[in-house]
Amino acid sequence: MHNKHLWIAVGLTVALMALVFVAGWMVGRPSKHEAPVEVATTPVDARAVFVPGAGQIDAIRRGVPIDQEGHPPPMAHVENADLKRVRAYPMQPPTIPHAIDGYQIDKNSNRCMLCHARANAATFQAPPVSVTHYMDRDDQFLATISPRRYFCNQCHVVQTDAPVLVANQFRDIDSVLSTPPTAKE
Ligand code: HEC
Ligand code: HEC
């Protein structure tokens with residue numbers, strides 16, 4: 001019985017643990033007199049698109065009264081169909097026609113440039129970034145991607161199936177030009 005002391009220590013530890021457990025259980029038990037926590041506001045279902053002129057203050061609130069909280073809109077799905085969307089105007093950064101999950105861009109690596117750099121475009125059949133991406137602010141051409149075009153997601157966004165949050169009457173310049181002059185205001 002050379003490890004008698006060990007057994008005593010183990011026994012004491014187990015007893016102590018049981019004591020702490022019981023004490024914690026007694027203290028932590030919810031008291032029967034406590035009132036149930038009241039839910040402050042019932043979230044309002046707010047998935048509708050904003051209608052201009054409906055007396056709403058903030059379009060992004062999607063019609064939820066300002067003293068109430070709205071449901072967040074459901075997460076949009078990223079489209080990964082390789083289908084390009086038309087640009088609304090010539091200088092619009094094109095939306096990204098593929099998913100970009102896990103494509104890291106940081107100080108040391110730029111995943112997008114793996115495919116979109118001029119040198120790699122042929123391998124991956126990706127459109128190389130245009131010449132503007134190599135220009136600095138003085139319109140000088142650099143050998144590598146310009147620092148101001150390094151963080152691609154600053155300008156390019158993935159395509160999602162999210163509905164428009166705010167209705168608008170934007171018209172493409174082509175549709176403006178094709179309108180007969182007499183029909184204009
Ligand atoms: C594995 C290679 C690959 C990577 C990585 C990649 N892309 Fe692409 N990208 C493509 C290909 C291929 C296309 C052509 C359309 C298609 O097949 O989806 C494309 C198309 C695009 C387009 C559309 C260009 C146009 O003219 O409409 C944009 C914008 C774009 N990518 C941005 C990005 C951004 C931003 C990243 C990083 C977050 C990125 N891509 C990472 C391969 C890639
Ligand atoms: C400061 C905004 C901005 C940043 C940052 C930026 N782009 Fe662009 N990108 C644009 C604009 C604007 C266009 C369309 C006009 C043009 O080509 O300059 C464009 C065009 C493109 C195109 C289409 C090229 C073509 O010839 O049709 C691709 C592909 C692209 N960008 C990829 C990228 C990638 C990859 C990155 C990151 C390395 C990036 N962009 C960073 C604004 C940006």
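Predicted model: local features only at pLDDT ≥ 70, side-chain atom pairs only at ≥ 80, totals over all residues.

Residues are numbered from 1 along each chain as its sequence is written, chains are lettered from A and ligands numbered from 1 in the order in which they are written, and side-chain values use heavy atoms, with hydrogens and water left out.

**Confidence by element**
- Helices are DSSP runs (H or I, at least four residues), numbered from the N terminus.
- Helix 2 (residues 111–116) has the highest mean pLDDT among the elements, 96.
- Helix 4 (residues 173–178) has the lowest, 90.

**Iron site**
- H133 (NE2) and H156 (NE2) coordinate the iron atom of ligand 2 at 2.0 Å.
- Both histidines sit in the loop between helix 3 (121–124) and helix 4, 23 residues apart.
- Donors are N, O and S atoms within 2.8 Å of the metal (3.2 Å for Na, K and Ca).
- The site has 6 donor atoms, with angles of 87 to 178 degrees, and is octahedral (six donors, opposite ones over 155 degrees apart and all others between 65 and 115).
- H133 and H156 are both buried (under 20% relative accessible area, 1.4 Å probe, protein chains only).

- A polar contact is a pair of N or O atoms within 3.5 Å.
- The side chain of T132 places an N or O atom 2.5 Å from an oxygen atom of ligand 2.

How values were computed
pLDDT = per-residue confidence, 0-100. Helix = DSSP H or I, 4+ residues; strand = E, 2+ residues; numbered from the N terminus. Tetrahedral: all angles 85-135°; square planar, octahedral: opposite > 155°, others 65-115°. Buried < 20%, exposed > 50% of the residue type's maximum accessible area, 1.4 Å probe, protein only. Polar contact = N/O pair within 3.5 Å; in protein donor to acceptor, adjacent residues only side chain to side chain.
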